[in-house]
Amino acid sequence: MRITRAQRNAVAEKITSLERSFYGRGPRNVKVSVSDDEPISLVVLSVDSLTVADAVLSERGHKDAVIRHHEALHEATKAEFQDAIEEIIGSPVSAYLAQVHPTTGFAVRVFVFSDQGDDDEA
């Protein structure tokens, strides 16, 4: 399996669009990296992804609330992100992981493509 530069660009655009539609704003920048070895992992780093409300909570000592909020959003929107990536790449995602740093606003999404694993197991 090979992920092209055009596919990486399409992934960055789609992640920005989905974050904008679900979170009310998109990240300032999105970086996409791909591993060289099996299993192939596609890592998407969103820069400056906190909402104003997230930033207020974080600044006032409620970092756990920001993390819980984003965990709930990641779970609620998992299917849309996974489906979008599968459509762009043309292969099924076998694992999807997502997390946000409550202070820096860096958010990471990892999509793993492998014959092993079952996305319904997690």
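At 27% relative accessibility, Arg 25 counts as partly exposed (buried means under 20% relative accessible area, exposed over 50%, partly exposed in between, with a 1.4 Å probe and protein chains only). The model is predicted, so local features need pLDDT of at least 70 and side-chain atom pairs count only at pLDDT 80 or more, while totals for chains, interfaces and linings use all residues. Residues are numbered from 1 along each chain as its sequence is written, and side-chain values use heavy atoms, with hydrogens and water left out.

**View A. The salt bridge between Asp 48 and Arg 25.** A salt bridge is a side-chain nitrogen of Lys or Arg within 4 Å of a carboxyl oxygen of Asp or Glu. Here the closest N and O atoms are 3.2 Å apart. Asp 48 lies in the loop between strand S2 (40-47) and helix H2 (52-59), and Arg 25 in the loop between H1 and strand S1 (29-34), so the pair ties together parts 23 residues apart in sequence. Helices (H or I, at least four residues) and strands (E, at least two) are DSSP runs, numbered from the N terminus. Asp 48 is partly exposed, at 29%.

**View B. The network of Arg 25, Arg 28 and Asp 48.** Salt bridges link these three residues. Between Arg 28 and Asp 48, the closest N and O atoms are 3.9 Å apart. Arg 28 is exposed, with a relative accessible area of 63%.

**View C. The salt bridge between Arg 109 and Glu 19.** The closest N and O atoms are 3.6 Å apart. Arg 109 lies in strand S4 (residues 107-113) and Glu 19 in helix H1 (residues 5-23), so the pair ties together parts 90 residues apart in sequence. Arg 109 is buried, at 1% relative accessible area, and Glu 19 is buried, at 1%.
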